[in-house]
Amino acid sequence: LCGDLKMQVPFPFSLLCLQVIKCKAAVLWEANKPFSIEEVEVAPPKEHEVRIKIVATGICRSDDHVITGALDMPFPIILGHEAAGVVESVGQGVTLVKPGDKVIPLFVPQCGECKGCLNTKGNLCSKTDLGTSAGLMPDGTTRFTCKGKAIYHFLGTSTFTEYTVVHESAVAKIDSAAPLEKVCLIGCGFSTGYGAALQTAKVEPGSSCAIFGLGGVGLSVVMGCKAAGASRIIAVDINSDKFAKAKELGATDCINPKDCNKPIHEVLMEMTGGGVDYSFEVIGRTDTMTAALACCHYNYGVSVIVGVPPAAQNIIFDPMLLFTGRSWKGSIFGGWKSKDAVPKLVADYMKKKFVLDPLITHTLPWTKINEGFDLLRTGK
């Protein structure tokens, strides 16, 4: 059939012969259960879609939020959104990448046409699956099948699989020399934290900062504050084992709230003579979000929510915290326009403008993904 059609169609012959790929994936069949390594079928990319061979993927707390139910998504699902890989095939109309290109999938796409993409102050593309919980490709269908059942996508990426399919607006071509097992972190954790300091808060030289939460994203905020020239960077976490790495990456002070005899925001206010210039909540808890707001200067302090808020929870706070002049902001993917920024961030990494190795604590075969999540949950 492909041979007969070859002379009748204007687009490349290879597009007509794309096959379903059978491969291994970590499927989450229901909440609060371990991943199951399954053989799945990955359909060919449709028009304006890209099929990617995943080479390396990071584990992010946002993935765990789906497992615990803190982030509402449909099941069964293939999670994962922080990765790097190689283009295996492309659908009709794709021009920006080709088979063999090294790429990073983008959980915040950039279509270049919606209000979020066109506004210089925005970066949240309307094509994102974040907040919709649809778990489907833009055409309303899925590319994954397992045991005869349709499997949902996660944030338009689904990287806990050997092959995935993404829309072309959700993929960035990167330097062919980039080490994928390192730069996969630019797909979420590093970019989110680093950008929260540089893009969202716009930390200034000589300023003071407080970072609540010292996971990979929190440590990336520390790196961003240091790169911006902050003179005091206070790292806050209930796990003191994380303090050595925080100081290695730029923290000037480290505080464990469990060691304090008063609320952490009061401790920080006293330490800084009235509050920090910038604070960052990088955990995803409502109590630490309000503490981060309260610890910044009452008149000109800026507090940024970076951690994913838990589903079905609201914040109750004293509006006087804002009335006097504080600013409360949110940051998604560090404020970066993804397709534009990711290749540049990879280029900066290749030029040694920042490091990624300290953010990588373990390297495991992905079939041990459940062990990886155990390490995440125990703070290791």
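Modeller: Strand β2 (residues 36-42) and strand β6 (residues 144-146) pair in the antiparallel sense over 2 bridges, where pairing asks for at least two bridges found by DSSP between two strands. Within this pair, V42 stands opposite F144 of β6. The model is a predicted one, in which local features need pLDDT of at least 70 and side-chain atom pairs count only at pLDDT 80 or more, while totals for chains, interfaces and linings use all residues. Residues are numbered from 1 along each chain as its sequence is written, and side-chain values use heavy atoms, with hydrogens and water left out.

The two strands belong to an open sheet of 4 strands, whose order is β1-β2-β6-β7 and whose pairing is antiparallel. The edges are taken by β1 (21-27) and β7 (149-151), and because each has a single partner strand, one side of each is left without a neighbour in the sheet. From one strand to the next, the twist averages 45°. The names follow DSSP runs numbered from the N terminus (strands, E, of at least two residues; helices, H or I, of at least four).

Helix α2 (residues 61-68) packs against helix α12 (residues 369-377) at an angle of about 100°, and their axes lie 11 Å apart; axes are lines fitted to C-alpha atoms, for helices over the stretch in contact, and angles run from 0 to 180 degrees between N-to-C directions. The two helices α2 and α12 are therefore roughly perpendicular (65 to 115 degrees, against under 35 for roughly parallel, over 145 for roughly antiparallel and oblique for the rest). On the α2 side the contact is made by R61, D63, D64 and I67, and on the α12 side by F373, L376 and R377, contact meaning heavy atoms within 4.5 Å. By class, the contact of α2 with α12 has 3 nonpolar, no polar and 4 charged residues (Ala, Val, Leu, Ile, Met, Phe, Trp, Tyr, Cys and Pro count as nonpolar, Asp, Glu, Lys and Arg as charged, and the others, Gly among them, as polar).

Two backbone details remain. In the loop between α2 and β4 (83-90) is P76, which is joined to F75 by a cis peptide bond with omega of about -5°. In the loop between β15 and α11 is F333, which has a positive phi of about 50° although it is not a glycine.
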